[in-house]
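Student: Could you walk me through this structure while I look at it? I would like to start with the words I need.

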Amino acid sequence: MPHPAPRAQVSIGGTTVTYLPDGHGRLDPAAFFPPSAPGGWAPHRSHLDPDGWFTVSIGSFLVRTADGRALLVDLGLGVVDFSIPGLAEFRGGELLDSLAAEGLAPTDVDTVVFTHLHHDHVGWTTDLAPTPDGTAGRAATALTFPRARHLVAAAEWHHWSGTADPAGPDPRAVQQPLAERIAFVADGEVIAPGVRVLATPGHTPGHLSLEVTDPAGRDGRRLVVLGDVLHCQVQVAESHWTCAFDHDPAQAVRTRERLLAELRDDAVIVAGGHFTEQVFGQVLPVTARRAWSSPEPALLGR
Ligand SMILES: [Zn+2]
């Protein structure tokens with residue numbers, strides 16, 4: 001049975017990338033990966049729990065550079081525990097404990113970068129964690145990471161402005177408190193030494209991934225924090241599976257195929273924040289499948 005991934009860390013030169021758990025979700029796979037995966041789970045049953053449900057890890061990646069910078073990529077669920085009967089369950093609330101275990105307080109975080117603004121990536125933005133049943137009557141009083149600059153793609157910020165989509169951020173918990181603080185980043189921008197933004201749209205209009213390299217150039221490897229370009233290890237092979245929350249499913253597939261082709265390299269470590277058991281791994285080369293070949297004339301005789 002797949003478990004939510006625990007803390008794990010990879011070093012790229014003098015930079016460390018650490019997965020900090022916040023919580024997890026459990027989802028009905030048929031609802032989450034609709035018709036793109038008809039009966040498609042059969043070879044992948046080991047990725048489902050005994051109830052036939054699909055688990056996702058939910059957390060944040062802490063990037064600490066050799067010059068003392070501390071960045072968080074995504075902010076988990078926040079302090080929530082709720083279910084959408086028959087569809088999904090979400091539980092979060094561990095992120096600050098996970099951060100403290102690394103010896104850091106919220107005020108030590110100098111940058112927050114959002115891969116996108118779905119509710120499971122923005123939960124710790126303020127002291128008001130978004131839930132689907134609403135947060136009526138309450139208001140956020142403070143940002144959780146008060147000294148951090150908060151970064152997102154402009155297309156992502158504008159896409160969710162003025163919407164009330166339950167998959168997106170609660171405006172009172174995210175957009176309103178960040179309105180004066182949010183700053184925009186674009187494809188190729190370097191936001192800390194060796195940390196570069198990659199535009200990976202499709203799951204959402206302004207979706208970003210992050211690439212981490214050694215700014216000193218001594219470590220030739222690179223690490224890519226996917227965001228939700230892939231939701232599970234199964235999509236490495238089943239890259240055509242689209243998720244019910246993909247804004248533009250065709251674009252999401254194109255982005256996934258492009259990135260998977262780029263990442264199929266011994267020198268690349270991939271970080272999938274929703275992957276179970278272990279968020280870090282590598283994409284192996286495509287292996288040959290059985291194929292048909294018409295006979296050479298000599299084979300058939302006369
Ligand atoms: Zn997500």
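Tutor: Let us begin with pairing: two strands pair if DSSP finds at least two bridges between them. Helices (H or I, at least four residues) and strands (E, at least two) are DSSP runs, numbered from the N terminus. Please keep in mind that this is a predicted model, in which local features need pLDDT of at least 70 and side-chain atom pairs count only at pLDDT 80 or more, while totals for chains, interfaces and linings use all residues. Residues are numbered from 1 along each chain as its sequence is written.

Student: Which residue of strand 3 stands opposite Gly 23?

Tutor: That is Ile 58. Strand 2 and strand 3 run antiparallel and are joined by 11 bridges, with strand 2 covering residues 15-27 and strand 3 covering residues 54-64.

Student: What about strand 1 and strand 2, in which sense do they pair?

Tutor: Strand 1, residues 8-12, pairs with strand 2 in the antiparallel sense over five bridges, and Gln 9 stands opposite Thr 18 there. The two strands form a hairpin with two residues between them, where Gly 13 takes a positive phi near 60 degrees.

Student: And how many bridges pair strand 2 with strand 6?

Tutor: Strand 2 pairs with strand 6, residues 88-92, over five bridges in the antiparallel sense. Among the partners, His 24 is bridged to Arg 91 and Gly 25 stands opposite Phe 90.

Student: Which strand forms a hairpin with strand 6?

Tutor: Strand 5 does, with three residues between the two strands, and Gly 86 in the turn has a positive phi of about 80 degrees. Strand 5 (residues 81-84) and strand 6 are antiparallel and share four bridges, and Ile 84 stands opposite Ala 88.

Student: Why does Asp 22 count as buried?

Tutor: Asp 22, which lies in strand 2, counts as buried because it has 29 C-beta neighbours inside 10 Å. Leaving aside neighbours within four places in sequence, its contacts include Ile 58, Gly 76, Glu 94 and Gly 123, where a contact means that two C-beta atoms, placed from the backbone, lie within 7 Å.

Student: New topic, which residues touch the most other members of the largest nonpolar core?

Tutor: A nonpolar core is a set of buried Ala, Val, Leu, Ile, Met, Phe, Trp, Tyr and Cys residues joined through C-beta atoms within 7 Å. The largest one has 65 residues, and those touching the most other members are Phe 61, Val 63, Leu 72, Val 73, Val 112, Leu 210 and Ala 271. Strand 3 supplies the largest share of this core, six residues. As for Ala 271, and not counting residues up to four places away in sequence, Val 17, Phe 61, Leu 223 and Phe 280 are among the residues touched.

Student: What is the strand order in the open sheet of six strands?

Tutor: The order is 10-11-12-13-14-15, with mixed pairing. Strand 10 (190-192) and strand 15 (280-281) stand at the edges, each with a single partner strand, so one side of each has no neighbour in the sheet. Within that sheet, strand 12 (residues 208-213) and strand 13 (residues 222-225) are antiparallel, with four bridges, and Leu 210 stands opposite Val 225.

Student: Last one, which residues of helix 6 are buried?

Tutor: They are Ala 252, Thr 255, Arg 256, Leu 259 and Leu 263. Seen down the axis of helix 6, these buried residues fall within an arc of 100 degrees, so they line one face of the helix; the arc is that of the directions from the helix axis to the C-beta atoms. They pack against strand 13, helix 5 (234-237) and strand 14 (268-271), whereas Ala 250, Glu 257 and Ala 261, on the other side of helix 6, are exposed.

Key
A residue is buried if 20 or more other C-beta atoms lie within 10 Å of its own, exposed if 12 or fewer, and partly exposed in between; C-beta atoms are placed from the backbone.
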